[in-house]
Amino acid sequence: MRFKILAHYFEKIENNSSRLKITEILADLFKKVKSEELKNTCYLIQGRVGPLFEKTEFGMAEKMVIKSITKALNIDAKLFNDHYKKIGDLGETLESFKKEIIILDSKDLEINEVYQTLYQIANFSGEGSQERKINYLANLIRELDFLSCRYLIRIPLGILRLGFSDMTVLDAFSWMIIGDKSLRKMIEKAYHVRPDLGEIGYLLKEKGLEGIKKITPKVGVPILMMRAERLSSGKEIIEKIGACAVEPKYDGFRLQIHYQKKNNLIRLFSRNLEDVTFMYPDIVQAVKKQITAEEIIFEGEAIGFNPQTGDFLPFQETVQRKRKYDIEEKAKEVPLKLFAYELLYLNGKSYLDVFFRERRNQLEKVIRRSKDFFEDGIIVSPEVIIEDQLGLDLYFEEQISKGLEGIIAKKLEGIYQPGARGWNWIKYKRSYSSMIEDTIDCLVMGYDFGKGKRSSFGIGAFLVGVYNEKEDKFTTVAKIGTGLSDEEWKEMKKRCDRFKTNKKPSQYIVDKAMNCDVWVLPAIVVEIRADEITRSPVHTSDRKMRPSKTGQAEEIDVPGLALRFPRIERFRDDKNFNEVTTLKELKQIYQAQGK
């Protein structure tokens, strides 16, 4: 398929906000491309040249892309920038210039040809790499038509986002095969083990459903991490799952460790699939020293600790280890202990469908331990088997007294469900026993310009929302204008401006009363603390509408859910935008308040 045809599909998607319509458009596209084209197309529609867990970043700032444009079209940079300021969108500005300029060496490139050039651009490194990136992108701009150029240059800038998530793509795969979304659950199960849309699409196109049924864990490819349900008392937990294995709930970095002894392969992945191996050299060394398996995938929580006292550090100090520079120095200052608690794969065998007791037993066997706690970088998380609510509540209080978050109760015959939230794991945190102290992970959707003192920051309030899984939309819960320090306001503005867009993303459902001066693409996750959850007519989470009696417009039937007295706790860099609190979870917390 020609890239210009793909660009027309991009345009159709961009002009639609209906999830069903976008699904149908994608399915139609997937039917028409060949297997290898489908693989590359799946990456391109995400604005990437590989799956999320591969480090294939373009490393092209806006100035570099503009340099490519002016070089390709042989136009004055000031003239282009003046028009860009008026239009406000770099892709549309390039499109307007390309319409007016006839280039004799333009070509009708295939999708795979464009993909391969973009892949080269992303992988250029070393001396002279910036100039090569500029030149290769300039050549593509010269060769492609004006509509293709609109979308092409959004890819290296990371701003292609067309208003749908991976889940919509999985629906489209089902539609491609059978004409409805009935196969979504089966496809999603494979995706959770191998979160690579390109590979899943390729296998479906090439081998059908049989192709994805054979997917098993693979060392080096992260598995979407299982999530826990939440309850607020030992009584509720025992009633739900009975006797259970109970572990402390740590507040650190959740890591998934991949190790293959033969090839000396070690990869550490965060919960949002980011390869963070380079950040934690002490954990890497501990894996080499303590893991006796030939190949393994396991999970644990990395916590900072004081090597003098053996005390564990609060998250605010542990988080200092998440950095790109001065890593070795900070590793000595804030060493980590990894509490291992889950086995997913061992020596060629998947443990995803194996009961927890067996997973735990095998995990203990492959971690070598010394007699000295201070010597070990990896420690098997302590656990106790508890059969009654009193014992569970007492153990919970004991962990709280140690300064930990709470506990995790695990069903003894529970399996590991990648990417799913289920009753195999149950979180019991102090915040759940006192809803006033609860926290919500929210998406930053946009911001308003500042007034008074904050006018110098350029930001005075920011809008946040939660994820409606059913609709694949984000709905609002608060606009926050207080509770941040000057440095936090500056940091928020800096982060938002990396992802600002000139129009409201189609995935956002926002009441006009909550409109923002600047909209932000789905990217930034923040942890928000609030006094309680209330109903509000200006917020759209769980808001129900009804036709007005006059027939002019819809009226509010049930006001939406909103956070009362919200304030930011921290940025959740370990979470991607699809991992924010869901509307379903928000409603559960609201109902637990007795509202």
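Which residues does Tyr345 touch, not counting residues up to four places away in sequence? The legends below begin with this residue.

Figure 1. Tyr345 touches Pro217, Val219, Glu295, Ile296, Ile297, Ser350 and Tyr351, leaving aside residues up to four places away in sequence; contact means heavy atoms within 4.5 Å. Tyr345 counts as buried because its relative accessibility is 9%. Buried means under 20% relative accessible area, exposed over 50%, and partly exposed in between, with a 1.4 Å probe and protein chains only. Leu363 lies 18 residues from Tyr345 along the chain, and the C-alpha atoms of the two are separated by 9.8 Å. This is a predicted model, in which local features need pLDDT of at least 70 and side-chain atom pairs count only at pLDDT 80 or more, while totals for chains, interfaces and linings use all residues. Residues are numbered from 1 along each chain as its sequence is written, and side-chain values use heavy atoms, with hydrogens and water left out.

**Figure 2. Helix H16 and the elements it packs against.** Helix H16 covers residues 281-290, and its buried residues are Pro281, Ile283, Val284, Ala286, Val287 and Gln290. These buried residues pack against strands S3 (253-260), S4 (265-269), S6 (336-346) and S8 (378-380), and against helix H18 (327-333). Helices (H or I, at least four residues) and strands (E, at least two) are DSSP runs, numbered from the N terminus.

**Figure 3. The pair of helices H1 and H2.** The axes of H1 (residues 3-14) and H2 (residues 19-32) come within 10 Å and cross at roughly 170 degrees. Axes are lines fitted to C-alpha atoms, for helices over the stretch in contact, and angles run from 0 to 180 degrees between N-to-C directions. The two helices are therefore roughly antiparallel to each other; this term applies to angles over 145 degrees, while those under 35 count as roughly parallel, 65 to 115 as roughly perpendicular and the rest as oblique. From H1, the contact is made by Leu6, Tyr9, Lys12 and Ile13, and from H2 by Ile22, Ile25, Leu26, Asp28, Leu29 and Lys32. By class, this contact has 7 nonpolar, no polar and 3 charged residues. Ala, Val, Leu, Ile, Met, Phe, Trp, Tyr, Cys and Pro count as nonpolar, Asp, Glu, Lys and Arg as charged, and the others, Gly among them, as polar.

Figure 4. Of its 595 residues, 56% count as buried. The C-alpha trace spans about 75 × 65 × 50 Å along the principal axes. Among contacts between residues at least 6 apart in sequence, 72% join residues at least 24 apart.
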